[in-house]
Amino acid sequence: MLKIPLSDTTFKNIRDYIYEKSGIYISDTKKYLIENRLSRILQEKNINSFEEYFKLVSFNSNGNELSRLFDAVTTNETYFFRESHQLTTLVEEVLPGIRNSKNGSNQLKVWSAACSTGEEPYTFSMMLMEKRLSTGSFEIHASDISEGVLASAKRAVYNSYSVRNIPDTYMKKYFAQAGKDFNLNAKVKATVNFRKLNLIEDRNSKSMKGIDVIFCRNVLIYFDTRAKQKVVSNLYDSLNPGGYLIIGSSESLHNITRAFRPCVINKAILYQKI
Ligand SMILES: C[S@@+](CC[C@H](N)C(=O)[O-])C[C@H]1O[C@@H](n2cnc3c(N)ncnc32)[C@H](O)[C@@H]1O
């Protein structure tokens, strides 16, 4: 495979364009990442230079090219029961309070805001089902900027890496093995509504309202401070008063916002909308 050279100027143009469209900030030291991840697209399209590619993608800024670019530059690492202490704390300690405050009448509304291939929202759904919550008593929305991962999420066929942390009881109840694949049961699949949503675009986030719990885990790390502030402010607006925002356990809202009350429960930090 012939290496296509990427000049510093074109790298910066592409990097700034990705930032403007997604909030994802790629530092100078990550030039190799753009080179590696985009070379395949150039080859597929028979394009000989990154300059030509940049022209193509920027003139076709709302269409398939942008979508393909997002698929290539996003990091989609995820798995079932990731950072599960946060989920257990939420289900055991926090949800009863939220449900009581709703007098049991309204549905619990949950949003997995950067869901990748679906393991996060499906894990939460299974946990709610294990708590004997009827599927009609909760609504789970899940979104991502990448169409590629959303297609996988809807298929809900997983490999051994993805399922490695799933407790046996869940595995037996909710998955069927077919060769090397693990197929998620249709009842769980039906509880999650997937859609494409770019968190940096105000109009997108504003379409999500009245949410009780938002998961936005392991995505803010890809944004710079300005983009984090914008995204978190939109997430704040999507939450009901008293609702919770859950970020990754290695992430922090320090210097981003003071609009949430950090609640430390069983060593998990959950951010409550004041
Ligand atoms: C590392 S995965 C995290 C998945 C899951 N939340 C977890 O913690 O396991 C980060 C996801 O954020 C998505 N993402 C990146 N920028 C985004 C944006 N501006 N809007 C929506 N999703 C975005 C990526 O496509 C990727 O699937």
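What distance separates the centres of domain 1 and domain 2, taken over C-alpha atoms?

**View 1. The two domains of the predicted protein chain.** The domain assignment, which is automatic or comes from a database, gives domain 1 (8-73) and domain 2 (84-273), and 29 Å separate their centres, taken over C-alpha atoms. This is a predicted model, in which local features need pLDDT of at least 70 and side-chain atom pairs count only at pLDDT 80 or more, while totals for chains, interfaces and linings use all residues. Residues are numbered from 1 along each chain as its sequence is written.

**View 2. Where the domains touch.** Seven residues of domain 1 are in contact with twelve residues of domain 2, two residues being in contact if their C-beta atoms, placed from the backbone, lie within 7 Å. On the side of domain 1 that touches domain 2, the largest share, three residues, comes from helix 4 (residues 64-73), helices being DSSP runs of H or I with at least four residues, numbered from the N terminus.

**View 3. The shell around the ligand.** The ligand is surrounded by 24 residues, of which the closest are Thr 74, Thr 78, Ala 114, Ser 116 and Arg 217; a residue is near a molecule if its C-beta atom, placed from the backbone, lies within 6 Å of it. Both domain 1 (8-73) and domain 2 (84-273) supply at least three residues each to this shell.

**View 4. Burial in the protein chain.** Of the 274 residues, 34% count as buried, that is, with 20 or more other C-beta atoms, placed from the backbone, within 10 Å of their own.

Conventions: A residue is buried if 20 or more other C-beta atoms lie within 10 Å of its own, exposed if 12 or fewer, and partly exposed in between; C-beta atoms are placed from the backbone. Helices (H or I, at least four residues) and strands (E, at least two) are DSSP runs, numbered from the N terminus.
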